[in-house]
Amino acid sequence: MTERIQLPSLSTEKDYGGNEFSPIYTTTVTVHGGVAAHGRASGRARSSDGALDLDLRMPAELGGDGRGTNPEQLLAAGFGACFHGALSLLARQEGLDPAAISVVATVAFGRDPEGGGYLLRVDLVVQWPGVARETATDLMGKADALCPYARMAWRGTPTTITLAS
């Protein structure tokens with residue numbers, strides 16, 4: 001028997017006030033460099049509540065041993081899950097069953113052609129059998145505007161980088 005999971009009570013309604021960012025949930029993950037003193041190559045990532053605790057390894061394509069989770073996989077999982085959640089919420093609001101929805105998230109790591117460095121590219125493919133293409137496309141557009149990962153991709157994310165004292 002599968003345990004029933006409570007759906008989140010968040011909505012697309014304007015159930016907030018004010019003109020400033022108001023955090024609903026905050027998490028912290030600490031990454032250490034491991035034996036190579038390099039977070040991507042031999043690091044360990046652990047969340048403050050201990051729910052996430054895993055070894056990080058560079059994929060073989062980037063010169064690593066490929067024997068662990070890498071940051072791109074974590075981003076793909078987070079982005080895919082968040083977009084799925086937004087689309088599922090919108091589907092329910094339209095009286096549609098979201099059970100058949102799946103989101104395939106692909107994250108590509110590559111060179112930035114403008115000035116060197118690196119970039120990420122994210123591609124999401126939604127599979128939603130049994131729903132009219134026009135309906136699915138409309139709701140996917142709304143999910144793109146609702147999902148914070150998609151908004152991060154389109155608008156950027158305010159980021160601070162500081163040295164601990």
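Visitor: If two strands pair when DSSP finds at least two bridges between them, in what order do the three strands form their open sheet?

Guide: In this predicted model, which leaves out hydrogens and water from side-chain values and numbers residues from 1 along each chain, the three strands form an open sheet in the order 1-2-3, with antiparallel pairing. Local features need pLDDT of at least 70 and side-chain atom pairs 80 or more, whereas totals for chains, interfaces and linings use all residues. Strands are DSSP E runs of at least two residues and helices H or I runs of at least four, numbered from the N terminus.

Visitor: Which strands stand at the edges?

Guide: Strand 1 (29–32) and strand 3 (53–55) do, and each has a single partner strand, so one side of each is left without a neighbour in the sheet. Neighbouring strands are turned by 15 degrees against each other on average, direction ignored.

Visitor: How many bridges join strand 1 to strand 2?

Guide: Four bridges join strand 1 to strand 2, which covers residues 44–47 and runs antiparallel to strand 1. Within this stretch, V31 stands opposite A45 of strand 2.

Visitor: Changing topic, what is phi of A37, and is A37 buried or exposed?

Guide: Phi of A37 is near 55 degrees, a positive value in a residue other than glycine. A37 is found in the loop between strand 1 and helix 1 (39–42), and A37 is exposed, with a relative accessible area of 67% (buried is under 20%, exposed over 50%, partly exposed in between, with a 1.4 Å probe and protein chains only).

Visitor: At what angle do helix 3 and helix 4 pack?

Guide: Helix 3 and helix 4 (residues 148–155) pack at an angle of about 75 degrees, with their axes 5 Å apart (axes are fitted to C-alpha atoms over the stretch in contact, and angles run from 0 to 180 degrees between N-to-C directions). The contact is made by D144, A145 and L146 of helix 3 together with P148, A150, R151 and W154 of helix 4.

Terms used. Contact = heavy atoms within 4.5 Å. Pairing = 2+ DSSP bridges.
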